[in-house]
Amino acid sequence: MTQDEIRQYLAANGSVRIQVAAREDGSPEMAWGDTFCFAVGADGQAKKMPFVTIVTKDYRGFDEESRLDRGLYRVNLDVGKAKFEELFGFGPRELADRRSDFDFAAVDTLIPHPAYGANGWVSIVEPGERSQNALEQLLAFAIRRALA
């Protein structure tokens, strides 16, 4: 899926707010061009934390392991502890001891999020044919979880 396809998929749910960070919305310059997807509660207000993000660059000194500065993007999904464990066979808090099991720069591959995996986030760098089904299923799961 392309970035636009991911945004369109999520935006089709009226309870999801999509924000592409830009100067005009007051976002920090570092985030410009990145996408943040928020669940909208019954009160019509978006939750404070996104449940899906699409990042288009490395964040120097914080999140560089995916090597996005190669012209790639990464979709990140908050799937929670139980789903994370189901996907990887260990809990998010064990990621620190298992980091060497993953190539965080691998493309089209489901991996723990390099910075937020310990919080139950997963990622796919440059999703393609190999990860298509997993991405679609995880997007649907992430929406349901965020709206629950």
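Student: Which residues touch the most other members in the largest nonpolar core?

Tutor: Ile6, Leu10, Phe51, Val52 and Leu77, out of 28 residues in that core. A nonpolar core here is a set of buried Ala, Val, Leu, Ile, Met, Phe, Trp, Tyr and Cys residues joined through side-chain atoms within 4.5 Å. Buried means under 20% relative accessible area, exposed over 50%, and partly exposed in between, with a 1.4 Å probe and protein chains only. This is a predicted model, where local features need pLDDT of at least 70, side-chain atom pairs count only at pLDDT 80 or more, and totals for chains, interfaces and linings use all residues. Residues are numbered from 1 along each chain as its sequence is written, and side-chain values use heavy atoms, with hydrogens and water left out.

Student: Which element gives the most to this core?

Tutor: Helix H4, with six residues. Helices (H or I, at least four residues) and strands (E, at least two) are DSSP runs, numbered from the N terminus.

Student: What is Val52 in contact with, leaving aside its neighbours within four places in sequence?

Tutor: Among others, Leu10, Phe36, Leu77, Trp121 and Leu139. Contact means heavy atoms within 4.5 Å.

Student: New topic. Is Ser123 buried or exposed?

Tutor: Ser123 counts as buried, because its relative accessibility is 0%. Ser123 lies in strand S6.

Student: And which side chain does the side chain of Ser123 make a polar contact with?

Tutor: That of Asn76, at 2.9 Å. A polar contact is a pair of N or O atoms within 3.5 Å; within protein, one must be able to donate a hydrogen and the other to accept it, and residues adjacent in sequence count only if both atoms are side-chain atoms.

Student: How many salt bridges does the structure hold?

Tutor: Ten. A salt bridge is a side-chain nitrogen of Lys or Arg within 4 Å of a carboxyl oxygen of Asp or Glu.

Student: Which residue does Asp4 form one with?

Tutor: Arg7, with the closest N and O atoms 2.7 Å apart. Both lie in helix H1, three residues apart, about one turn of the helix. Asp4 is partly exposed at 46%, while Arg7 is buried at 16%.

Student: What about Arg145, which residue is its partner?

Tutor: Asp78, the closest N and O atoms being 3.3 Å apart. Arg145 is in helix H4 and Asp78 in strand S4, so the pair ties together parts 67 residues apart in sequence.

Student: Which residues are linked in a network of salt bridges?

Tutor: Asp58, Arg60, Glu64 and Asp69.
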